Each structure stands twice: as C-alpha cells, then as structure tokens.
Amino acid sequence: MAIMWKTLKRWYHQLGSPRYFYRFCEAVLPWLVPVALAVLAVGLVWGLLYAPVERYQGNSYRIIYIHVPASSGALMGYIAMGVAGLVALVWRMKMAEVMLKALAPFGAALAAVSLLTGALWGKPTWGTYWQWDARMTSMLILLFLYLGIMALQNAIRDPRQAARAAALLAVVGVINVVIVKYSVEWLNTLHQGATLKVVGESSIDPSMKWPLLISMAGLWLLYAANVLIRARTEVLNRERRSGWVRRLVRDGEA
Amino acid sequence: MFDPYFDSVAAFIAMGDHGFFVWSAYGLSALLIAANMLLAVRRQGRVRAEIARQARRDAVKVSPKSVETNQ
C-alpha cells in the first residue's frame, strides 16, 4: 500500500513536470497511434462483418459498435476534464490546465458522433431521429458543455485565467454526466437501459459484447493519443521561453 | 464463428434494408474523428514551426552583440 502510494506520488510529480511529460509523449505516441487504429479496426470489422444480427432491430443495431464507444468516450473524457479542472483549481498545477485544454476537442467530437449515430439508429428503430427525452437532451448538453469550455479557453487571452474559468465550468458540468448515466434508470425515456455492466451480468450476447469492447478500447486509445498530441503541443507553446524547449529547437528535435 | 455474417458484398452493403443508416453513421463518425486527429497534428506542426522561427530571429538579434562584447 505504502509502495503504491509512493509510486503514485512520484508519477504525479513526474508527469506534472512539463519537460518529463514531453519526453513521455515522445516515447509513447509512435506506437500508441498505430495500436489504437489497429484495435479499432479489429473491433469494427468484427462488429460490422462477423457479429450476428440482432433479432428485433435487424442490421441497424450494428451502429452500436461506434455509438457506444463514442458515447462512453465522451462521458469518460468529461469526467477526466472534471478531475483535471479540480486539480487546476485547488493546486494550480500547470499540467492539469494543459490536460483540461487537451481533453476538450476530441471529447466534443465524440459527443457529436454519439448524437449523430444515435439519431441514425433511432430512425429505423423508434421511427424518429430525435426526441427531447432525458438521455438525448442531457447528451446534447454534454456537447454544449464541451463547446463552452473550448470557447472559454479561446476567448480569454491569459492562459492561466482561461484555465481557471474553464476548470470551474468543467467541475460544475460533471453533474450532467451523472444525469446522462442515470437518465435511463430514473426517468422514463425512449432510450434503452445499459446493456454493458461493469458489475454483474451484461444483457448483451458475448458474440456482440466482444467486438463492442474491442471497438471501445480502440476508440479510447485513439482519444488518449489525440490528448497526448494536443497536450504536447500546448506544453511546447507555454514553455517556449524555457531552456529545455530552446535546446530541443536548437537540436532540431522539436 | 469466423464466417462472415453476410453472404455477399451486396448484402453487406445493403445491411438488410438499413444500409443508409448504418453507412451514414459510420461515414460521419469517420469524418469527424479523422478531421479531429488531423487538426491536432496540424496545430502541433504550426506551433513547432513558430517556435523554430522565433529561435532563428533571436539568434540573429543576439549574435552581433555577443561579437561586440567578446572583442
């Protein structure tokens, strides 16, 4: 336990240092992007081509292999932004501000993918592209929260001031993630309940569950790669006056 | 288990009668995700080029002075 705590603390301090973080990205990114794309491709080909058909919905159900990974990615990304926002507000940690900025754009894209694929799945299944029900409305609010955070970060010139404003919105907005998650359980919605469960038995057949889990892993890894690329850019931009960035530029490595 | 579900390429594209919904869902997703990845890489390239340009400007500004003080 003590060792775990020590490792966690060292890791926090090391990745909290922009210079160490930059080196970490240089080491991880060259293989993270191809691995993410390969895993995503396996999941999608399996889901689209090999998985059996769903009894009631027909082949339109195959939209699940992008809809669920994108939706869960958008939600997890927002939770990560909430954590980064909290760390940025309480400890004024620079790397938390950087992560807060790096997490937003891909999260917003995934929220948009979730809404678009949901609409295209809704039409053949429920007979409508859109309904103002709790799940869909809260997901639309999630997209607006992402866009709001990005707008705040771009509107305020001083990066530290911008980060504080964005962090506040990120932390408060985490309530919306809870609403998205439980909207299908507490409220009467058109959207079906969760079929994948971390605890307990999933109500989805293994022949559909495995390609879904693999696509999910692939898209989340791609999100991680996108965040690392954006965070590395932000670190370079903020630290451009520091000695280590100058040395990198001089040696032609940046 | 590892036989494709569909009998032919035509059946795969048709997706029952849901081809329009499935393929537009995947097409739009691919577009948004790929565009986001490319934008991230492009911004990285722009920031790196900008820092390198600044470094070259600084080098030009600094060198005549350092020559003076050396003499």
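This is a predicted model: local features need pLDDT of at least 70, side-chain atom pairs count only at pLDDT 80 or more; totals for chains, interfaces and linings use all residues.

1. Met15(B) counts as buried because 21 C-beta neighbours lie inside 10 Å, where 20 or more are required. This residue sits in the loop that joins helix 1 (9–14) to helix 2 (19–70) of chain B.

2. Arg92(A) is not a glycine, yet it has a positive phi of about 55 degrees. Arg92(A) belongs to the loop between helix 3 (64–91) and helix 4 (94–126) of chain A. With 13 C-beta neighbours inside 10 Å, Arg92(A) is classed as partly exposed, whereas Met15(B) is classed as buried.

3. Concerning confidence, the predictor assigns the complex an ipTM of 0.90 and a pTM of 0.91. For chain B the mean pLDDT is 86, and 83% of its residues reach 70 or more.

4. The secondary structure of chain A consists of eight helices and zero strands. Chain B has two helices and, again, zero strands. Buried residues account for 40% of the 254 residues in chain A; in chain B, 14% of the 71 residues count as buried.

5. As to overall dimensions, the C-alpha trace of chain A spans about 60 × 40 × 35 Å along its principal axes. Considering contacts in chain A between residues at least 6 apart in sequence, 75% join residues at least 24 apart.

6. Which residues touch the most other members of the largest nonpolar core? They are Ile63(A), Met99(A), Leu100(A) and Ala111(A), in a core of 74 residues. At least two residues of this core come from each of helix 2 (18–50), helix 3, helix 4, helix 5 (134–155), helix 6 (159–186), helix 7 (206–238) and helix 8 (243–250) of chain A, and likewise from helix 2 of chain B. Helix 4 of chain A supplies the largest share, 19 residues. Beyond its neighbours within four places in sequence, Met99(A) is in contact with Ala84(A) and Ala231(A). In soluble globular proteins, nonpolar side chains tend to be buried together.

7. The interface deserves a separate entry. Here 29 residues of chain B are in contact with 36 residues of chain A. Helix 2 of chain B provides the largest share of the side of chain B that touches chain A, namely 21 residues. By class, that side of chain B has 20 nonpolar, seven polar and two charged residues.

8. A further loop in chain A concerns Asp133(A), which lies between helix 4 and helix 5. Asp133(A) is partly exposed, since 16 other C-beta atoms are within 10 Å. Leaving aside neighbours within four places in sequence, Asp133(A) is in contact with Thr189(A), Leu190(A) and His191(A). Asp133(A) and Val184(A) are 51 residues apart in sequence, and their C-alpha atoms are 9.7 Å apart in space.

Definitions and conventions: Residues are numbered from 1 along each chain as its sequence is written. Chains are lettered from A and ligands numbered from 1 in the order in which they are written. Helices (H or I, at least four residues) and strands (E, at least two) are DSSP runs, numbered from the N terminus. A residue is buried if 20 or more other C-beta atoms lie within 10 Å of its own, exposed if 12 or fewer, and partly exposed in between; C-beta atoms are placed from the backbone. Two residues are in contact if their C-beta atoms, placed from the backbone, lie within 7 Å. A nonpolar core is a set of buried Ala, Val, Leu, Ile, Met, Phe, Trp, Tyr and Cys residues joined through C-beta atoms within 7 Å. pLDDT is the predictor's confidence in each residue, from 0 to 100. Ala, Val, Leu, Ile, Met, Phe, Trp, Tyr, Cys and Pro count as nonpolar, Asp, Glu, Lys and Arg as charged, and the others, Gly among them, as polar.
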